[in-house]
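Take a slow look at the model below. Turn it around once before you read on. Then follow the text from the whole chain down to single residues.

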Amino acid sequence: MSASLPSPPTAASPAKRRSPLPREARDTLFLLAIIAGTLLPHAGHLPWWCSVITAAVLGWRARLAWRSEALPGRWSLMAVLALVVGLTYATHQTLLGREAGITMLAMLMALKTLELRAKRDAFVVFFLGFFLVLTQFLYSQSPLVALWMLACVWALLSALVLAQMPQGVPSLRLAARIAARNTLVGLPVMLALFLLFPRLPPLWGLPKDAGARTGLSDTMTFGAFADVANDDTIAMRLRFEGPPPPQPLLYFRAQVLSRFDGKTWTAPRVTWGPKNDDPEPAGQPVRYVATIEPLRVNALPLLEVAPGTPGARLQAGQQSAVRGQQGQWLTPRPIAERLRLTLEAWPRAHWGLTLGRSERNESLLLPPGLNPRTVLLGQQLHERFAALPDDARAEAVSRELLTRIRRDGYGYTLAPGVYGEATPHAVDEFWFDRKLGFCEHFAAAYVLLMRAAGVPARVVTGFQGGDPQLQDGELIVRMSQAHAWAEYWTAADGWRRADPTAAVAPERIQGQPLRAPPGVFAGAVDALSPGLLLELRNAWERLNNRWQQSVLNFSTGEQMGLLRRLGFSEPDWGTLAQIAGLLFAGLGLAGAAVAAWQRRPHDPWSRQRARVRRELGRLGLDTRDDETPRRWAERLAELHGAAAQALAQSLLQLEAQRYRQDQRAGTSQWQRQFAAQCAEFRRRKA
């Protein structure tokens, strides 16, 4: 009644593949690699010392794991922690807030690896990692970042699964497979939350130091726009009703700068003006939808001329933009979120026909004692055209200045050098001596000369032009198209645009901004395949835009539209709550059903064992959970004697095959044979 059974293979059996490292060292190195991957996207946002210390700590911990050495003592950790806290406070001047908080979070996660002595320590690292993944979306929500963070979550879940498998040396592939399966199970819940969860205002806003780079601000100095000329990130996307206006009409007004101290232009003191200063329509209006990126400025760059009187309001995300007297739309806080606005503009409209005394005086101010040659030239032009009426004189002075820019050897360049170092008369140095500049140099000099000639004038900043080719039917405006131009006032037409850049570099106004020479890599790629980098960039931007429109911009309006497409005539918050309640109730029932199903045996051996126990029960043999097939065979022989010999042999075969590599005893053929033997035994007994 006995049989010689093979010993079950152990974890050290040569039949199984073994890791070259002890399991604890392997799992620790795997976790350190996950932490490094999670922290990597933050490297550009964290202080340099944070990246250095983090890399040193992770390298130190990896060395300890590789050599199976003891972890450092508590006092060593306290010393490093004190250093980190001090550096964080010295860098951010606080231990609170987003930047300081993320710096401390990254450092604490790295330092926690130096005291991984128990499972609970590993769990702390796991959940710090999950939170750190979330913080990356405060900086970027692009599809690449989302994919990388998804991979980090998968890796963290794999490490979590490993921590829950204390026996043997389970492979990383097995843990990753279990983590992926559990993640897929949770996808329906994630999708339901995405579609149905109310779009509430953010729990916290982005601080002032976040967001995209831009050359637009409340001030302008020489060289301000050259800094962003090489920044090809997208500032706006515009979808027009019909074809877009021609490039020379694409002026997007952001800020108006009237005050000049000889070096810096700033916004005017006068904010409000006459309430009847609404633009007089001319030509056909242009209707469009603008998607504006977080520009971190207090103004909306809208296509000129946007209708509205001073004091009019426009809802812009979580805040209202107010139209100022100078035609700009100002916001109380910097634009820190992506905006989608439906707008209208009259590119050929006349506006600002009424000029108040305060605004006129401010538009004629000259910094005392500065740029004498420029002021003298303006006064000479005033005397030259003094016989003309005021409006005609203003137009004549403007034509003369633009003609001189075209004729007298001025150059348009990204690298004109620094003005105003050797002399405080920076405009004199530009206009009469070096004659090299960017858009702000020409706009500033033009306005100063017009004022010296007695013509009210001011500087306007914003964007000009867009990409020559549309992307998915949208006009792309980039940071590199940030621009400065001028306006002067006439009684007949109000404020008139004058762009000195168009005189020195007309291609700039035709949608071809000046660019710096390409780098070595870009130049080599263009030499091999001209236009390849541009095509790749456009393809990525199209993908990113679709991600933004389909996922990031899925707002309350899109939620209600989805419900209408599902058959709800007038959906509201109540409808959304009812559907969400029904859905989550269904998910709860499904979860209960899955839990009940999981309580039953589902692996092949457990199912086989349950079927055998049912067959033995029909033969009058009560079996217990702690008994083996060998014990069943012995008890069956004791109960029925030689009549049960065939059944006993089959049970011994079952136990023998249980520990072989092929485990053929668990096949349906063995089950059919055993069932037939049981049926024959019952027939004979009957």
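**From the whole chain to its details**

Among contacts in the chain between residues at least 6 apart in sequence, 72% join residues at least 24 apart. Contact here means heavy atoms within 4.5 Å. This is a predicted model, in which local features need pLDDT of at least 70, side-chain atom pairs count only at pLDDT 80 or more, and totals for chains, interfaces and linings use all residues. Residues are numbered from 1 along each chain as its sequence is written, and side-chain values use heavy atoms, with hydrogens and water left out.

The chain has 22 helices and 18 strands. Both are DSSP runs numbered from the N terminus: helices are H or I with at least four residues, strands are E with at least two. Of the 686 residues, 44% count as buried. Buried means under 20% relative accessible area, exposed means over 50%, and partly exposed lies in between (1.4 Å probe, protein chains only). The accessible surface of the chain is about 35300 Å². Carbon and sulfur atoms hold 59% of that surface. Such areas come from the Shrake-Rupley method with a 1.4 Å probe; for residues, only the protein chains shown count as cover.

Now go inside. In soluble globular proteins, nonpolar side chains tend to be buried together. The largest nonpolar core here has 43 residues. A nonpolar core is a set of buried Ala, Val, Leu, Ile, Met, Phe, Trp, Tyr and Cys residues joined through side-chain atoms within 4.5 Å. The residues with the most contacts inside this core are Trp265, Leu401, Ile405, Trp431, Tyr446, Met450 and Tyr488. Several elements give two or more residues to this core, including helix H10 (390-407), helix H11 (426-434), helix H12 (439-452) and strand S17 (482-490). Which element gives the largest share of this core? H12 does, with 10 residues. Apart from this core lies another, of 37 residues, among them Val57, Val84, Ala110 and Leu111.

Pick out tryptophan 265. Leave aside its neighbours within four places in sequence. Tryptophan 265 is then in contact with residues including Asp218, Met220, Phe260, Ala444, Val447 and Val459.

How many of the 8 residues of S15 are buried? The count is 8 of 8, and S15 is mostly covered. Strand S3 (residues 251-257) pairs with S15 in the antiparallel sense over 6 bridges. Two strands pair if DSSP finds at least two bridges between them. Glutamine 255 stands opposite threonine 461 in S15. S15 also pairs with S17, again antiparallel, over 7 bridges. There, glycine 462 has histidine 483 in S17 as its bridge partner.

Move to strand S10 (residues 319-323). S10 is mostly covered, with 4 of its 5 residues buried. S9 and S10 are antiparallel and share 4 bridges. Arginine 313 stands opposite valine 322 in S10. The two strands form a hairpin with 2 residues between them. In that turn, glycine 317 has a positive phi of about 70 degrees. S10 is also joined to strand S11 (residues 329-330), running antiparallel, by 2 bridges. Arginine 323 has tryptophan 329 in S11 as its bridge partner. S10 and S11 form a hairpin too, with 5 residues between them. Glycine 327 in this turn has a positive phi of about 85 degrees.

Next, some backbone exceptions. Most residues other than glycine have a negative phi, and most peptide bonds are trans. Asparagine 371 is not a glycine, yet has a positive phi of about 50 degrees. Asparagine 371 lies in the loop between helix H8 (357-362) and helix H9 (372-384). Is asparagine 371 buried or exposed? Asparagine 371 counts as buried because its relative accessibility is 0%. Aspartate 472 also has a positive phi, of about 55 degrees. Aspartate 472 sits in the loop between strand S15 (457-464) and strand S16 (475-478). Aspartate 472 counts as partly exposed, at 29% relative accessibility. The peptide bond from glutamate 304 to valine 305 is cis, with omega near -5 degrees. Valine 305 is in the loop between strand S8 (302-303) and strand S9 (313-316).

Finish at phenylalanine 197. This residue is in the loop between helix H7 (172-196) and strand S1 (219-221). Phenylalanine 197 is partly exposed, with a relative accessible area of 47%.
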